[in-house]
Amino acid sequence: MLKKRLVGVVTVRHGWAVQSFGYNRHLPVGRPECLVENLDRWGADEILVQAIDRSQGELGPDFDMLARVGKLGLETPLIYAGGIRTEEHATRAIQLGADRICVDHALHNATDEVRKMSARLGAQAIIGAVPINFSQGLRRLDYVTQQEMPFGDVIPGLISQRVISELVLIDWKCDGGKTHLTPEQLDPLPIPQVPLILFGGFSDPTTTRRFYQHPAVAAIAVGNLFTYREHAYQLYKREVESDLIRPAAYAGASTSKEF
């Protein structure tokens, strides 16, 4: 059986790794490559590096940071997100060391370019992302304009056309806190069958365990929790206690419960 994944997320703003809270408050924690190296050393299933200021500032991808990360010689698959709008951006990110790229703003504002990325790199290299809010019906957040709007049919269309291989659903209002989502809310989503990566507020391993039971969930992504405690990734995985994921592999971590 294909194991589900626990993705370690490194959020980058103005060149520094940060803890993010509610998409509007950020606490610097250090150099991105240091956090990435820790996750790699801890045996993460996958690492997502997201540069959250790049699309909003129309800065393009943070290739300098990605190049530094790419030189680490990672054994862990790497996803890069942030500022990717063109086929050339996506190709350059892969050349610098990303295994896959993740796009959010471009899905709706550069849709044809996303199709070109997929045609050139393969759909398996392209992940879509969408910040969502269930509180007033399903709505998505445009991170650049900070406006909420209907979910729409662009993402379902790209999925049905096999342009993207996975979709990151971000519970953005619970970013840095505790998600209010339930597995049952995933069932009526207006998207064709596509593996989901859930992100935003998965601070409780018990909640993560419940979501792993849902057939559409391929991975859970966690950020803040893994930035400030040695062996945090392995301790979290152990607390999940699910045979649906690879067991934590580490040496020297405390056996006391941390979460």
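Three aromatic pairs are counted in this predicted model, where rings of Phe, Tyr and Trp (its six-membered ring) pair if their centres lie within 6.5 Å. Planes under 30 degrees apart count as stacked, over 60 as edge-to-face and the rest as tilted. A pair of aromatic rings is described by the distance of the centres and the angle of the planes.

**Aromatic rings**
- The ring centres of Phe 202 and Phe 211 lie 5.2 Å apart and their planes meet at 80 degrees, so this pair is edge-to-face.
- Both Phe 202 and Phe 211 are buried (under 20% relative accessible area, with a 1.4 Å probe and protein chains only).
- One aromatic cluster is formed by Phe 226, Tyr 233 and Tyr 236.

**Overall fold**
- The chain contains eight helices and twelve strands, which are DSSP runs (helices: H or I, at least four residues; strands: E, at least two).
- The chain is as compact as a globular protein of 259 residues, because its radius of gyration is 17 Å, close to the 18 Å of the globule rule (taken over C-alpha atoms; the rule is 2.2 Å times the number of residues to the power 0.38).
- Along the principal axes, the C-alpha atoms fill a box of roughly 50 × 40 × 35 Å.

**Burial and contacts**
- Of the 259 residues, 55% count as buried.
- Among contacts (heavy atoms within 4.5 Å) between residues at least 6 apart in sequence, 64% join residues at least 24 apart.

**Basis of the values**
- Residues are numbered from 1 along each chain as its sequence is written, and side-chain values use heavy atoms, without hydrogens and water.
- Local features need pLDDT of at least 70 and side-chain atom pairs count only at pLDDT 80 or more, whereas totals for chains, interfaces and linings use all residues.

Note on methods: Buried < 20%, exposed > 50% of the residue type's maximum accessible area, 1.4 Å probe, protein only.
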